[in-house]
Amino acid sequence: MKKLNQNGIAHLALILVVVVVAAVAVVGMRIASNRANTSVTPASVSKVKVPTKFSNKTDVSNAASALDATNVETGVNPNSLDQDLSAIL
């Protein structure tokens, strides 16, 4: 039988493993940075005090301003949310 020359195959396998690990690391860092950019920071949280009981028109106005200043996630599907709530209840 003829002996095969496989001297460089281990190096190619090692390079392939390094490339795959680097690709996974790059994708992971991009996902982590996107999550960090979309998270709610303390600066974006409303500073308006929301009353627990509404006793006058000012309390209602304060609650309305707090709701207007609140960041809402735009990726929420209301139909899916209703189905999930119905399943829970």
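Analyst: Happy to! The protein exposes about 8400 Å², and carbon and sulfur atoms supply 64% of that area; accessible areas come from the Shrake-Rupley method with a 1.4 Å probe, and for residues only the protein chains shown count as cover. This is a predicted model, where local features need pLDDT of at least 70 and side-chain atom pairs count only at pLDDT 80 or more, while totals for chains, interfaces and linings use all residues. Residues are numbered from 1 along each chain as its sequence is written, and side-chain values use heavy atoms, with hydrogens and water left out.

User: What confidence does the protein have on average?

Analyst: The average pLDDT is 76, and 72% of the residues score at least 70; pLDDT is the predictor's confidence in each residue, from 0 to 100. Confidence is highest in H1, at a mean of 87, and lowest in helix H3 (residues 78-88), at 75.

User: Which elements does the protein have?

Analyst: It has three helices and zero strands. Helices (H or I, at least four residues) and strands (E, at least two) are DSSP runs, numbered from the N terminus.

User: Why is Leu-12 called exposed?

Analyst: Buried means under 20% relative accessible area, exposed over 50%, and partly exposed in between (1.4 Å probe, protein chains only). Leu-12 has 55% relative accessibility, so Leu-12 counts as exposed. This residue lies in helix H1 (residues 9-38).

User: Which residues of H2 are buried, and what makes them line one face?

Analyst: Asp-59, Ala-63 and Ala-66 are the buried residues of H2. Seen down the helix axis, they fall within an arc of 60 degrees, so they line one face; the arc is that of the directions from the axis to the C-beta atoms. The face turned away from this buried side carries the exposed residues Lys-57 and Asp-68.
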